[in-house]
Amino acid sequence: MKTEEVEAEIEKNAIAGIKKWMDDRGQERGNHYHVSSFTYECIRKMWYEEVNTERPEIDDEGYIRMWIGTKLHETPISDVHELPLMATLGGEKPFGGTVDEIMTIDGKSIIVDKKFTGKIPLAMSENYREQVLNYAALYKINYNKYIDGVALLYVVPHINYGNSRRMKAFVEWLTPNEINMQIKKIQMMIAVLEGHLKEKTLPEKHVTWYCKYCPYKVLCDGDYRDYKEANI
Ligand code: SF4
């Protein structure tokens, strides 16, 4: 074998190993609405997740990205690690997700979500902020307690692309009123989603930076037909 063939073989084996490891962990999402689905505020994406029982195919890049993220999340960095939360918020199915970490610092409880990123942002990203707010809402319902704050902990694999550090946390303190408003927002989104599901209509697009990573992008770009014609 030539050297480059051996190199290609190493990469092939690595991808196969990653795929097997990820697949063995199971991709079962359970029968509830997921916090991660509500992160990007795109009701159309949620709609695709509900009507497409088959998950879109994941390419090699997607597997590698998921693998790195999974490995990051496996490492506990607080006493409350991977806390599952679930609540019924008026819809036909419960709403839930798993909090990465809850840290208590200076007497205050903070939900911390870990993110791998290519470049540390200047502030907490809006989409991820939405995700941790959803966790704060779920925490209130599950424990009848208001969390003091939410945080994102960004981790970068290397310090190129303008990164001067490998890790950066952003915290936002929350009032009980903000958490109550978030509970209402989730209830409203579930109601809109279920309305579209019942009426068999495709929700409007909510175009953001995330669209280029959305597993339903191809379907979404080409899906100008209504639900019945698309026969999904
Ligand atoms: S591509 Fe964008 S607009 Fe379309 S479903 Fe995905 S997130 Fe929504």
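**The ligand and its surroundings**

In this predicted model, the ligand is surrounded by 14 residues, and the closest of these are Cys42, Lys205, Cys211, Cys214 and Cys220. Two elements, helix 3 (43-51) and helix 7 (217-222), each give two or more residues to this shell, and it is helix 3 that gives the most, with 3 residues. Taken by class, the shell around the ligand is made up of 9 nonpolar, 4 charged and 1 polar residues.

Let me turn to the pair of helices. Helix 5, which covers residues 126-143, packs against helix 6, residues 176-199, at an angle of about 100°, and their axes lie 9 Å apart. An angle from 65 to 115 degrees counts as roughly perpendicular, and therefore helix 5 and helix 6 are described as roughly perpendicular to each other. On the side of helix 5 the contact is made by Leu133, Asn134, Ala136, Ala137, Lys140 and Ile141, while helix 6 brings Ile179, Gln182, Ile183 and Ile186. Sorted by class, the residues of this contact are 7 nonpolar, 2 polar and 1 charged.

Leaving aside residues up to four places away in sequence, Leu153 touches Val112, Lys114, Lys115, Met167 and Ala169. Leu153 and Lys168, although 15 residues apart in sequence, are 5.8 Å apart in space, C-alpha to C-alpha.

Notes
Residues are numbered from 1 along each chain as its sequence is written. This is a predicted model: local features need pLDDT of at least 70, side-chain atom pairs count only at pLDDT 80 or more; totals for chains, interfaces and linings use all residues. A residue is near a molecule or strand if its C-beta atom, placed from the backbone, lies within 6 Å of it. Helices (H or I, at least four residues) and strands (E, at least two) are DSSP runs, numbered from the N terminus. Ala, Val, Leu, Ile, Met, Phe, Trp, Tyr, Cys and Pro count as nonpolar, Asp, Glu, Lys and Arg as charged, and the others, Gly among them, as polar. Axes are lines fitted to C-alpha atoms, for helices over the stretch in contact, and angles run from 0 to 180 degrees between N-to-C directions. Angles under 35 degrees count as roughly parallel, over 145 as roughly antiparallel, 65 to 115 as roughly perpendicular and the rest as oblique. Two residues are in contact if their C-beta atoms, placed from the backbone, lie within 7 Å.
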